[in-house]
Amino acid sequence: MSDSSNPNLEQAKLEGKYIRTIRSFVKREGRLTKGQAAAIEKCWPTMGLEHKNGLLDLAQVFGNDNDIVLEIGFGMGKSLVEMAKNAPELNFIGIEVHRPGVGACLMDADEAGITNLRVFEHDAIEVLADCIADESLSKLQLFFPDPWHKKRHHKRRIVQPEFAQKLRSKLKIGGVFHMATDWENYAEHMLEVMQVAEGYQNQSETNDYVPRPDSRPLTKFEQRGHRLGHGVWDLMFERTK
C-alpha cells in the first residue's frame, strides 16, 4: 500500500505528526534463553519502561534528580551495565528493540545489583519523541549502530541531519551526543552530518574524532578488533544552543 492510499497515514501527516517510514534497524527476534526470560519477568516491574505510558517524569522514575544518560541500541547491554555500575551518581536509560538483548541486559544488571538503570524495548525514535522531555538529557550515546555499508542502504543509517536535530532538542545545553563506530566510512558520514548540524560543537581538538573516553568501556569485540588492526572512531558533539 502506498502512503497516498493509506488514509490514517495521510491524516497523521496533515495533523503534523512525525511518521517514520525508513527504519535504521531490522527486527531480528532471536530466542530468549531461560536466564534472559527469567530476568525480564523478575526485573521488568522495577527496571522496565513502557512507550505506551508516554512522557516520563525522570525524577519520579529514578527517585532523584541525577543527570540522565540515554543509550540508543545497547545490544546485549554489557557496556551499559558496566557504565551504570561505574557511575552510580548518574542515571541511565537504555533503548533496544531486540528482546534477547533486553533480557541479557536485565540479567547482568540484576546480578550487579544496580538501581540506576531503566530500559525500553521499543523503537528509539518513538521513545525519544513520546517519552523523553526536551532538554532533559546530559548525554546521548550511540555505539556501533548498524553501518548499512552498501551504498544503496546508506539512507537507512540512523545518523542523518533530521535525527541530529531531534536529539539536540532532548539534550540540555552543554549536553553531549557521543557516537562510536568501527566502520571508517560510517565515521566519515557521522562527522559530515554533525559538522554542519546547527547547535552542535565538535569536542575534538583536531575537529574530527576524539580518543575513547574512559566512560565508554572497551568491549571484547573492540579489543579483538584492536589486535587485528581494526580502527574504532569516537565522535562527541556538545549542544551549544
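This report walks through a predicted model, from its overall make-up to its annotated sites and a few side-chain arrangements.

## Ground rules

The model is predicted, so local features need pLDDT of at least 70 and side-chain atom pairs count only at pLDDT 80 or more, while totals for chains, interfaces and linings use all residues. Residues are numbered from 1 along each chain as its sequence is written, and side-chain values use heavy atoms, with hydrogens and water left out.

## The chain as a whole

The protein chain has nine helices and eight strands. Those come from DSSP runs numbered from the N terminus: helices are H or I with at least four residues, strands are E with at least two. Of the 241 residues, 46% are buried; buried means under 20% relative accessible area, exposed over 50% and partly exposed in between, using a 1.4 Å probe on protein chains only.

What about contacts along the sequence? Taking contacts (heavy atoms within 4.5 Å) between residues at least 6 apart, 77% join residues at least 24 apart.

Helix α5 (residues 99–112) has 14 residues and should span 20 Å at 1.5 Å a residue; its end C-alpha atoms are 20 Å apart, which agrees. The expected span here is 1.5 Å times one less than the number of residues. Its buried residues are Pro100, Gly101, Val102, Gly103, Ala104, Cys105, Leu106, Asp108 and Ala109, and these pack against α2 (34–47), α4 (78–86) and β4 (117–120).

Over in α4, the buried set is Ser79, Leu80, Val81, Met83 and Ala84. The cover over these residues includes β2 (68–72), β3 (91–95), α5, β4 and β5 (137–143).

UniProt (unreviewed entry) puts a "binding site" feature at Glu71, Glu96, Asp123 and Asp146. They are spread over 76 residues of sequence but cluster in space, with a largest C-alpha distance of 14.5 Å. A caveat on such annotations: positions follow the numbering used here, feature names are shortened, and the entries may be inferred rather than shown by experiment.

Glu96 is in the loop between β3 and α5, and at 7% relative accessibility it counts as buried. Setting aside residues up to four places away in sequence, Glu96 touches Gly73, Phe74, Gly75, Val102, Phe120, Glu121 and His122. Its side chain also reaches the backbone nitrogen of Gly75 at 2.7 Å. Asp123 is in the loop between β4 and α6 and is likewise buried, at 7%. A polar atom of the Asp123 side chain lies 3.2 Å from the backbone nitrogen of Ile125.

His122 is in the loop between β4 and α6 (124–131). With a relative accessible area of 24%, His122 is partly exposed. Beyond its neighbours within four places in sequence, His122 contacts His51, Ile95, Glu96, Val97 and Val127. Its side chain joins that of Glu126 in a polar contact of 2.7 Å. (A polar contact is a pair of N or O atoms within 3.5 Å; within protein, one must be able to donate a hydrogen and the other to accept it, and residues adjacent in sequence count only if both atoms are side-chain atoms.)

## The second annotated set

Another UniProt "binding site" annotation, also from an unreviewed entry, covers Lys150, Asp182, Thr219, Lys220, Phe221 and Glu222. Asp182 is in the loop between β6 (171–181) and α8 (184–195) and is partly exposed at 27%. Outside four places in sequence, its contacts are Phe144, Phe221, Gly231, Val232 and Trp233.

Glu222, in helix α9 (residues 220–227), is buried at 3%. Its side chain makes a polar contact with that of Arg216 at 2.8 Å. Arg216 in turn lies over the face of Phe143, 5.7 Å from the ring centre. For a charge to sit over a ring, NZ of Lys or CZ of Arg must be within 6 Å of the ring centre and within 35 degrees of the ring normal.

## One aromatic pair

Which rings pair up? The structure holds one aromatic pair. The rings of Phe163 and Phe177 have centres 6.2 Å apart and planes at 70°, so they are edge-to-face. Rings of Phe, Tyr and Trp (its six-membered ring) pair if their centres lie within 6.5 Å; planes under 30 degrees apart are stacked, over 60 edge-to-face and the rest tilted. Phe163 is buried at 5%, and Phe177 is buried at 0%.
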